[in-house]
Amino acid sequence: MAAPTCRKRSRRLAKRLKSQGAKPYVIPGGGSNAIGALGYVHVALELLTQANEMGLRIDRLVHATGSAGTQAGLVAGWKR
């Protein structure tokens with residue numbers, strides 16, 4: 001799905017949910033804001049926790065990147 005279409009659909013869904021009394025928060029594609037990147041911090045911590053429990057050592061983590069939100073969160077989580 002093209003990014004503009006995804007953004008439009010996200011906005012429409014958020015508007016509909018608000019009309020139903022919900023409080024949606026739309027995170028941009030790639031997690032390219034502080035809250036989105038924070039989600040990837042938790043991903044990194046979960047990966048490290050599971051690897052430690054299994055006795056594995058992670059030397060490298062390969063991921064796609066675009067807006068760098070994913071990368072920022074993973075790097076921050078890995079440094080903890």
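The model is predicted. Helix H2 covers residues 34-53 and helix H3 covers residues 69-79, and their axes approach within 7 Å. The structure also holds 1 salt bridge, as computed from the atoms.

**Packing of H2 against H3**

- The axes of H2 and H3 cross at roughly 45°.
- The crossing of H2 and H3 is right-handed.
- On the H2 side, the contact is made by Ala37, Tyr40, Val41, Val43, Ala44, Leu45, Leu47 and Leu48.
- On the H3 side, the partners are Gly69, Thr70, Gly73, Leu74, Ala76, Gly77 and Trp78.
- By class, the residues of this contact comprise 11 nonpolar and 4 polar, with no charged residue among them.

**Residues of H2**

- Leu47 is found in H2 and takes part in the contact with H3.
- Leu47 has a relative accessibility of 34% and therefore counts as partly exposed, since that class lies between 20% and 50%.
- Leaving aside residues up to four places away in sequence, Leu47 touches Ile58, Leu61 and Trp78; Trp78 is also one of the H3 residues in the contact of the two helices.
- Leu47 and Thr5 are separated by 42 residues in sequence and by 32 Å in space, C-alpha to C-alpha.
- Gly36 is likewise placed in H2.
- Gly36 has a relative accessible area of 7% and is therefore buried, the limit for that class being under 20%.
- With residues up to four places away in sequence excluded, Gly36 touches Ile27 and Gly31.
- Between Gly36 and Ala72 there are 36 residues of sequence separation, and their C-alpha atoms are 9.8 Å apart.

- Ala68 lies in the loop between H2 and H3.
- The phi angle of Ala68 is near 80°, a positive value in a residue other than glycine.
- As background, most residues other than glycine have a negative phi.
- Ala68 counts as partly exposed because its relative accessibility is 34%.
- Gly69 belongs to H3 and is among the residues that meet H2.
- Gly69 counts as buried because its relative accessibility is 5%.

**Salt bridge**

- Asp59 forms a salt bridge with Arg57.
- The closest N and O atoms of Asp59 and Arg57 are 2.6 Å apart, and the pair qualifies because the cut-off is 4 Å.
- Asp59 and Arg57 are both exposed.

Methods. Residues are numbered from 1 along each chain as its sequence is written. This is a predicted model: local features need pLDDT of at least 70, side-chain atom pairs count only at pLDDT 80 or more; totals for chains, interfaces and linings use all residues. Side-chain values use heavy atoms; hydrogens and water are left out. Axes are lines fitted to C-alpha atoms, for helices over the stretch in contact, and angles run from 0 to 180 degrees between N-to-C directions. Helices (H or I, at least four residues) and strands (E, at least two) are DSSP runs, numbered from the N terminus. A crossing is left-handed if the near helix is turned anticlockwise from the far one by less than a right angle, and right-handed if clockwise. Contact means heavy atoms within 4.5 Å. Ala, Val, Leu, Ile, Met, Phe, Trp, Tyr, Cys and Pro count as nonpolar, Asp, Glu, Lys and Arg as charged, and the others, Gly among them, as polar. Buried means under 20% relative accessible area, exposed over 50%, partly exposed in between (1.4 Å probe, protein chains only). A salt bridge is a side-chain nitrogen of Lys or Arg within 4 Å of a carboxyl oxygen of Asp or Glu.
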